[in-house]
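Please read them with the structure open.

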Amino acid sequence: MNWLPEILSEKIPVGRWGKLFFDFLTANFAWFFDSIASALSSVLGGASAYLLMVPPLVLVILIAALAWFLQRSWKLALGVALGLLFIINQGLWKETIETVVLVVSAAAASMAIGVPVGIWAAHNPRVYHLLQPVLDLMQTMPTFVYLIPVLILFGLGVAPGLIVTVIFAAPAPIRLTYLGITSVPKPMLEAGEAFGATRRQLLWKVELPAALPTIMAGLTQCIMLSLSMVVIAALIGANGLGKPVVRALNSVNIPLGLEAGLAIVVLAIILDRMSRIGGGVRR
Amino acid sequence: MTSAPVTHAVEFKDVDIVFGEEQRRALAMIDQGASREQILRETGAVLGCAGASLAIAEGEISVLMGLSGSGKSTLLRAVNLLNVPSRGTVMVKDGDRAVDVTACDKATLRRIRQERVAMVFQQFALLPWRTVAENVGFGLELAGVSASERKERVARQLQLVGLDQWAGKYAHELSGGMQQRVGLARAFATEAPILLMDEPFSALDPLIRTKLQDELLQLQKTLRKTIIFVSHDLEEALKIGNRISIMEGGRIVQTGAPEEIVLKPANDYVREFISNVNPMSVLTAWNVMRDRRDLEPAGEDGWLWLDRRNTTRFKVGPDGLVVAAEREGRPAAWVSCDDLDALPADAPFVFWASPGTPLKTVMLAMHRSQTAPVALLDDTSRFVGAIGIRDVLQGVLRRS
Ligand SMILES: Nc1ncnc2c1ncn2[C@@H]1O[C@H](COP(=O)(O)OP(=O)(O)O)[C@@H](O)[C@H]1O
Ligand SMILES: [Mg+2]
């Protein structure tokens with residue numbers, strides 16, 4: 001009866017093991033993480049710089065045109081243009097472009113990881129069972145906890161911001177791709193098989209088109225989740241709309257906080273409406 | 001795989017299909033003649049079908065019939081290996097040889113599915129993101145047919161099923177009947193000689209169903225496909241099938257021509273099925289006639305009584321042709337019962353029918369001629385037998 005307190009008093013050194021692991025990574029693979037970090041920051045920084053060279057009004061027109069092209073809606077194009085003009089008016093154009101670049105690349109990376117992984121899990125129940133707890137971990141682990149190791153490995157800047165964002169956002173496209181592929185009606189799959197589809201043809205001609213609306217919902221979710229990370233990304237040195245928010249927080253600057261917050265909301269609405277591709281079409 | 005001459009389009013040989021883990025124990029129980037319920041209770045495996053042997057000739061419409069859950073779909077889907085048999089072979093004609101689909105390699109199976117066996121589904125199974133034309137071309141696309149040839153073949157199929165105006169629409173813009181026409185066109189497009197149809201018309205309302213059945217029969221006259229057709233509706237089976245196999249609890253209990261099923265049900269299950277069938281809808285003159293060799297002679301020189309009451313007699317020449325007829329002692333003309341209304345006004349007459357004439361027409365002819373017997377002539381006008389009123393009654397009351 002006295003073994004119980006003994007076990008309880010003996011603290012399991014989870015924290016120390018983790019630290020040892022990261023010490024090992026930094027000691028042996030620093031070159032690897034450093035090169036990733038510098039590659040990412042030069043790509044993202046370069047993209048922002050290019051976009052900022054374009055006169056803002058021209059870019060506003062281009063983005064509004066893209067909105068029209070994606071959704072065929074004049075109302076949306078007009079709304080997008082007005083929203084962006086408001087942001088320019090608030091003097092947050094540069095930060096907005098940096099955020100857009102971060103969000104779009106994080107969403108692209110999340111989709112590039114999430115869709116194939118989702119398909120893999122859908123075809124392979126074992127993979128799905130293994131993946132399930134990992135996804136739960138990625139989504140429920142407080143972001144600040146994995147900020148620390150990411151910081152250690154990648155240093156300050158836009159690269160760790162991107163990585164943290166992807167860790168947080170990628171589970172959404174994984175889950176939704178899995179959902180989309182596993183809920184393809186059986187008769188459709190059988191029609192494909194009965195007419196002699198290969199596995200590849202089945203994927204490209206039946207499963208993916210059938211799952212497309214769900215996968216696109218994954219894209220929208222992914223963009224929104226990425227956007228919700230801008231403030232945290234700013235904490236570890238990524239530029240963008242998160243920066244003024246953090247600054248406002250530190251200096252208790254209500255007007256600045258409000259302006260930056262509103263810009264984020266406007267951007268969220270624009271990205272959300274523009275990214276609803278393929279959803280609600282047909283079926 | 002085999003070098004024996006191929007006589008059937010599809011041949012099932014002792015096919016058992018078991019769903020579940022305990023395959024071996026379930027198969028052992030099948031060998032002992034266990035029922036589906038026993039197998040489920042003891043092994044947890046579901047018996048899909050057991051001991052199914054059935055040969056389907058080229059150009060034939062073979063119907064699998066039975067209550068829901070009797071294993072019709074399971075057996076049908078073994079032909080293109082959507083269900084994999086646990087035991088037994090399924091031979092499918094492929095050019096001038098037969099392939100055992102349960103043992104062939106993947107490439108062969110794919111070729112069979114692309115070129116030999118096409119399928120029509122109960123719930124249509126169209127792809128909603130594709131237009132009607134793209135759906136019809138689906139099988140061709142999978143088989144790697146070039147876009148230009150595909151376009152031409154799809155247009156031909158759409159014409160065939162009367163949907164050429166709808167090529168650019170999406171499936172959900174079409175009525176159920178039209179959607180299934182797309183399903184038919186998709187199956188026809190691959191030009192596969194074997195067609196699997198799993199209750200293709202069950203999801204349609206009765207009027208449309210009848211219409212599509214008629215259209216299928218019409219198309220079949222020129223297309224001459226080998227069709228395996230699953231149905232739970234006996235009326236449909238009798239109308240469509242050249243042969244019908246009745247399934248019960250995963251086993252085929254009777255196979256035969258429609259009128260054989262109706263006239264000689266193999267067990268109570270089949271009898272139950274046919275109890276509501278109007279025999280008039282399947283019986284023909286052939287099924288109820290008395291053969292000429294069983295007719296009573298009516299004197300010298302080849303005279304024969306057509307009926308038991310001895311009212312009507314024919315004189316049949318050595319070549320089998322009718323030479324003279326007599327009714328109530330007076331010479332009579334013999335008239336086809338296809339022209340019931342073109343009766344000779346003056347002379348007595350006797351109706352004749354062909355073996356395939358529906359019993360209903362024969363009865364109408366009897367009615368018109370004050371219950372005189374009806375003669376049966378084959379397509380070279382030779383006398384083959386006769387039908388008296390008692391033969392009709394026996395046929396209808398199913399006693400033979
Ligand atoms: N994939 C499957 N897995 C397990 N059981 C199945 C499967 N397919 C069919 N069955 C079972 O096999 C039996 C025969 O089914 P089926 O061939 O679909 O009947 P029918 O087409 O005559 O209505 C049913 O009891 C059904 O539940
Ligand atoms: Mg069925």
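**Aromatic pairs and charges over rings**

1. Phe138(B) has a relative accessible area of 0% and is therefore buried. The model is a predicted one, and this applies to every point that follows.

2. The whole structure, searched over all chains, contains 13 aromatic pairs. One of them is Tyr128(A) with Tyr178(A), a stacked pair with 3.7 Å from centre to centre and 5° between the planes. Helix 6 of chain A (residues 125-140) carries Tyr128(A) and helix 9 of chain A (residues 171-182) carries Tyr178(A), so this pair ties together parts 50 residues apart in sequence. Tyr128(A) and Tyr178(A) are both buried.

3. Phe138(B) pairs with Phe195(A) in an edge-to-face arrangement, the centres being 6.5 Å apart and the planes at 70°. Phe195(A) is in the chain A loop between helix 10 (186-194) and helix 11 (199-227), while Phe138(B) belongs to helix 6 of chain B (residues 138-142), so the pair joins two chains. Phe195(A) also counts as buried, because its relative accessibility is 0% and the cut-off for buried is under 20%.

4. In chain A, a single aromatic cluster is made up of Trp31(A), Phe32(A), Phe33(A) and Phe154(A).

5. Arg72(A) is placed over the face of Trp68(A), 4.8 Å from the ring centre. In chain B, Arg313(B) has its charged end over the ring of Trp305(B), at 5.8 Å from the centre of that ring.

Methods. Residues are numbered from 1 along each chain as its sequence is written. Chains are lettered from A and ligands numbered from 1 in the order in which they are written. This is a predicted model: local features need pLDDT of at least 70, side-chain atom pairs count only at pLDDT 80 or more; totals for chains, interfaces and linings use all residues. Side-chain values use heavy atoms; hydrogens and water are left out. Rings of Phe, Tyr and Trp (its six-membered ring) pair if their centres lie within 6.5 Å; planes under 30 degrees apart count as stacked, over 60 as edge-to-face and the rest as tilted. Helices (H or I, at least four residues) and strands (E, at least two) are DSSP runs, numbered from the N terminus. Buried means under 20% relative accessible area, exposed over 50%, partly exposed in between (1.4 Å probe, protein chains only). A charge sits over a ring if NZ of Lys or CZ of Arg is within 6 Å of the ring centre and within 35 degrees of the ring normal.
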